Amino acid sequence: MEHSGILLLFLCISGLVADSYGWGAACSGGPPGPPGPPGPPGPPGPSGDGELLEYSNWRQCAYYESTGTDNGIIKTCSFKKLYSNTALYVAFGGNMRSYGCSGCCIRWFFKFNGHECSNPTAVDGIIYQYNTHYINLHRHYNVEGICEGLSAGDIDVSYWVGACSGFGYYDAYTGWNSVSRIIIQELAPSPY
């Protein structure tokens with residue numbers, strides 16, 4: 001019987017003995033005990049990268065106004081940018097139209113503290129029409145984009161209308177018979 005004890009010891013060490021508690025449990029002498037006390041706190045982790053920032057700083061300026069401005073500011077929405085390394089996503093949603101012209105182009109665009117975005121490029125949209133002198137279509141459009149390189153602090157985000165490059169000024173209309181909105185959202189730095 002001396003050899004059977006050595007065999008059982010070998011089987012316990014190699015984890016090959018099973019009983020009602022599972023493989024190797026017969027060698028432990030019984031069922032598992034209660035959980036032990038919590039261990040000491042771990043070291044501090046790295047600081048966060050702002051992954052929830054995109055949900056924490058945004059603004060919507062919604063309004064029910066219309067304007068026949070052909071060249072100039074449509075609406076301004078003030079915004080407090082919290083960080084210098086973030087970008088701003090901006091969007092306009094509302095009715096825009098051009099009228100009474102053929103081969104004409106009208107441009108709607110955003111300015112930030114009086115200047116168009118240059119990083120990476122302007123945030124704009126156009127309406128071009130040809131041979132439609134008397135068609136007066138007021139349609140919903142979205143103009144949106146991302147501007148980087150803006151400092152932290154107060155920023156006046158303004159929506160403008162004006163001439164396309166190489167064109168004159170034409171009969172523009174913005175916001176007819178519906179709500180318009182400007183949405184501004186501070187975005188965490190892009191990983192790309």
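Leaving aside neighbours within four places in sequence, which residues is I184 in contact with?

Guide: The model is predicted, so local features need pLDDT of at least 70 and side-chain atom pairs pLDDT 80 or more, while totals for chains, interfaces and linings use all residues. Residues are numbered from 1 along each chain as its sequence is written, and side-chain values use heavy atoms, without hydrogens or water.

Beyond those sequence neighbours, I184 is in contact (heavy atoms within 4.5 Å) with N57, W58, R59, C77, F79, L88, Y89, V90 and V157. I184 also belongs to the largest nonpolar core, which has 26 residues. Such a core is a set of buried Ala, Val, Leu, Ile, Met, Phe, Trp, Tyr and Cys residues joined through side-chain atoms within 4.5 Å; buried means under 20% relative accessible area, with a 1.4 Å probe and protein chains only. Together with W108, F110, F112 and Y159, I184 touches the most other members. Strands (DSSP runs of E, at least two residues, numbered from the N terminus) that each supply at least two core residues include β6 (104–112), β9 (153–163) and β11 (180–187).

C105 and C164 form one, with sulfur atoms 1.9 Å apart. Because C105 lies in β6 and C164 in the loop between β9 and β10 (171–174), the pair ties together parts 59 residues apart in sequence. The torsion about their S-S bond is about -70°, so this disulfide is left-handed. Both cysteines, C105 and C164, are buried.

Methods. Buried means under 20% relative accessible area, exposed over 50%, partly exposed in between (1.4 Å probe, protein chains only). Helices (H or I, at least four residues) and strands (E, at least two) are DSSP runs, numbered from the N terminus. A disulfide is a pair of cysteine sulfur atoms within 2.5 Å.
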